[in-house]
Amino acid sequence: MQTITLHSFDGGIHPLENKHQSTQTAIAQLPVPAQLIVPVGQHIGAPADVIVNVGDSVLKGQTIADPKGVVSAAIHAPTSGKVVAIEQRELPHSSGLEGTCVIIDSDGHDQWLEEISNGSQAISDYLETDNEILIQRIRDCGITGMGGAGFPTAVKMTVQNLTIDTLIINGAECEPYITADDMLMRERALETLRGVQILLKITAAKNCLIGIEDNKPEAIKAMEDALHEVHGEHHISVVTIPTKYPSGGEKQLIKILTGKEVPSGAIPSAIGIVCQNVGTCAAVYHAIAEGKPLISRITTITGESINQPQNVEVLIGTPVKHLLDFAGFKQEKSLFQKLIGRKAKADSKPRIIMGGPMMGFTLNSDELPILKSSNCVLAPSQKELPANDIASACIRCGLCTEACPAELLPQQLYWFSKNGELDKAEQHNLADCIECGACSYVCPSQIPLVQYYRHTKGAIKDERAAQQKSDRSKIRFEARQARLDREAAEKEAKRQARAATAEKAQAAKKAAAAEALNKQTAEEADGNGNTNDEIKKPEPVDLEKLQKQLDAAQAGLKKSMDKIAELKAAAAESGAEADAPIENLDVFEKAVANRRDKVKLLALQIAEAKKSAPLVKKEVSRDDIEKKLRAQKDRLEKTKERVDLAKEQGLDSLPALQKGLDKQMQKLKELEEELAQFDKAGA
Amino acid sequence: MSSILIAVLLLATLAIIFGAILGFAAVRFKVEGNPIVDQIDNLLPQTQCGQCSYPGCKPYAEAIAAGESINKCPPGGESTIIALADLLGVEPEPLDAEHGAEKDVPMVAIIREDECIGCTKCIQACPIDAIMGAAKQMHTVITDECTGCDLCVEPCPVDCIDMVPIETTLQNWHWDKPENSVSTIEKILIKEVH
């Protein structure tokens, strides 16, 4: 056997142990309570999925909730009975929030599921079995870390691509009052060691160190005796470590036993170490060798308000009240009640702490259930553990820094937390705080330091989540903008394409018309024997258009002339010298000249067009006119509709629409006349 | 005389050389866009709610870079204003009440699905595409993506969208801040005085 050099971690405290009270008697079996409250989210990770229904009968050990996702654990019925409700109930959690619980009314038979009672689920040759099968069984049996945090053991044992050098079994149990692991090792050392063997087999570690504090000599002896029984090919050593809080912290225990430090933000497997609690080892043994899921645990019930402090094996889901009744809970009298000799009020809220005095939390009621990770129920008297509600100002004594086992600067962290300087707290490695409470314990001002750190840790997590969400929103917003732009661009492109085709069609039409005209003029030219250049290439102008242009040009001309007259008159009126040039006059005169030219040109063109017009007109077929007539009728119909609508709704556009209607009727009449004329001419 | 000439020439040559280096660097290492805009944009909450009167956080970031005041973002609230003031080296100012008040708790939109008529108006209003659905089909909000910007509430013709606070679960719960230690004592003193 190799000799093990012990190391030490910085800081730490030596609070009153108060462990002897609960180690006087053997582990008792708690009677099955009438009703069990089994939360489906007892572990770190996603709450399990309930697979039973209200009214179902369940047997002891039957799975009632399947793990959801990788980091999750199955939940089993702790006794046989009937599911009476699946509802939201308050959880034994510092938040006091509600969670899904399966409520089981016990039938009193405490009957195991058949596969478990007949031993068919047991794996007796576990040291020869594949790791996958063992890990699957650990997962199926819902084993989670029994030391406190409740991390699913199967996940912890599935270390991928990492060689595990050392397996550390945590039997330090450093927190005052708690003796559950101590009693487990004393009474069930062999089971625990066999569990250790299974874990050692799975991890294939070269070393296995079981760390136990030197204030548990009985446990150390029991473990060493058991070691002689099972020891052989394995390299398991029981190591006695000095008593100091918090040597049971994972990182602290690793430091004590190996001298190695787990890097900030990393898990122990990063340096080839896996750490498991002794309670977990025993649970693993039961799961593998007996096929029994995790449905009960050893819990310490202690404190001055308890008549018989002791350790009991309690079913998961047992209400704390049942436990208190079993161990004898006496409600403490207040000072006033003591003075006047009255009994304590029955309805006053008992002060019960789940967990130890350092890291535990006060329960809101005694109806809350025991969880897989509940190692202690503490009912202290006021004198024993005074409630801390008066905190004074920090006097900068620095005791907290000396006590901190994680080598942090608690005082700095306190200032940052108090002022909400999250980034600075983060820079000072707040994430490495193990929330052991050593700093709060030594603080002479009784500042609830750990609560500040817990709050700040949560706030940092929140902030990070918010940042992630905002980054995601930004991406989504930009993606949406891009999509909208793309859609707009596509629409625009389509519109342009449509416009282009329409233009092309127009151009083709024009070209066809021009060709037709060309042909006619050519024919005409041939017929007349006249080769007039002008007529050979006539522009595809229609008469009406030209007439309109002529009218416009004439109107413009008239306007310009009027303007000149006006200007002249104004100049004369102002009495200026007649010789002086009138402003802008030349511009207008030029415009007049231009317009005159244009009018002349247009008149000429009209004349030319008129010459060729009869020929064009002849080509107009009856169909064309009919088509026009039909279109006009349609248009008229539509206009009528619109007029009706406008009338109905009393729109302002009514007069304009009416005018349009009249015009269209006129046009229709004209077209009808034209058709009649055409028919006449044809006849 | 010649020494002065040499000095002048030397300095001129150096000036030309360094000028060339600087000119090259200015072209070679040209920064695309305005980096300060991105920095400001990163500090904004990205709810894209438009309460600042700009159509999104990026446009507001651009406006701030161009001299707009930094107190127009109610979803970001005081912490954003302080962060912006830190970044830009200006004095933090109180939130401009004209643009709305900071909400105490983060909210998300929830569609009462049996009342939804499938008009897609909320989908068009959502700046981050966090509403799923199609015409004449029921719509629903992707709660994890919703920034609680309120923009979908107004267009809904049947008023079936509610803004609800994000529920506290075991996953997102964290410890409250302890009451200010000094104020606890002050409270006791005040009690004694009265």
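Reader: In which hand does H2(B) pass H3(B)?
Author: In this predicted model, helix H2 covers residues 35-43 of chain B and helix H3 covers residues 57-65 of chain B. Where H2(B) passes H3(B), the crossing is right-handed.

Reader: Which term describes the packing of H2(B) against H3(B), given the angle between them?
Author: The axes of the two helices lie 8 Å apart, and their angle is about 125 degrees. Angles over 145 degrees would count as roughly antiparallel and those from 65 to 115 as roughly perpendicular. The angle of about 125 degrees therefore makes H2(B), relative to H3(B), oblique.

Reader: How many nonpolar, polar and charged residues does the contact of H2(B) with H3(B) have?
Author: From H2(B), the residues Ile36(B), Val37(B), Ile40(B) and Asp41(B) take part, and they meet Cys57(B), Lys58(B), Ala61(B), Glu62(B), Ile64(B) and Ala65(B) of H3(B). Sorted by class, this contact comprises 7 nonpolar, no polar and 3 charged residues.

Reader: What is the class make-up of the side of domain 1 of chain B that touches domain 2 of chain B?
Author: Chain B is assigned a domain 1 at 35-99 and a domain 2 at 107-165, and the C-alpha centres of these domains are 26 Å apart. Their contact joins 6 residues of domain 1 to 7 residues of domain 2. On the domain 1 side, the residues divide into 1 nonpolar, 5 polar and no charged.

Reader: How many charged residues are on the side of chain B that touches chain A?
Author: The contact between the chains draws 28 residues from chain A and 22 residues from chain B. On the chain B side, 9 are nonpolar and 9 polar, while the charged residues number 4.

Technical notes:
Residues numbered from 1 in each chain as written. Chains lettered and ligands numbered in written order. Predicted model: local features only at pLDDT ≥ 70, side-chain atom pairs only at ≥ 80, totals over all residues. Domains from an automatic or database assignment. Contact = placed C-beta atoms within 7 Å. Nonpolar A, V, L, I, M, F, W, Y, C, P; charged D, E, K, R; others polar. Axes fitted to C-alpha atoms, helices over the stretch in contact; angles between N-to-C directions. Helix = DSSP H or I, 4+ residues; strand = E, 2+ residues; numbered from the N terminus. Parallel < 35°, antiparallel > 145°, perpendicular 65-115°, else oblique. Left-handed = near helix turned anticlockwise from the far one by under 90°.
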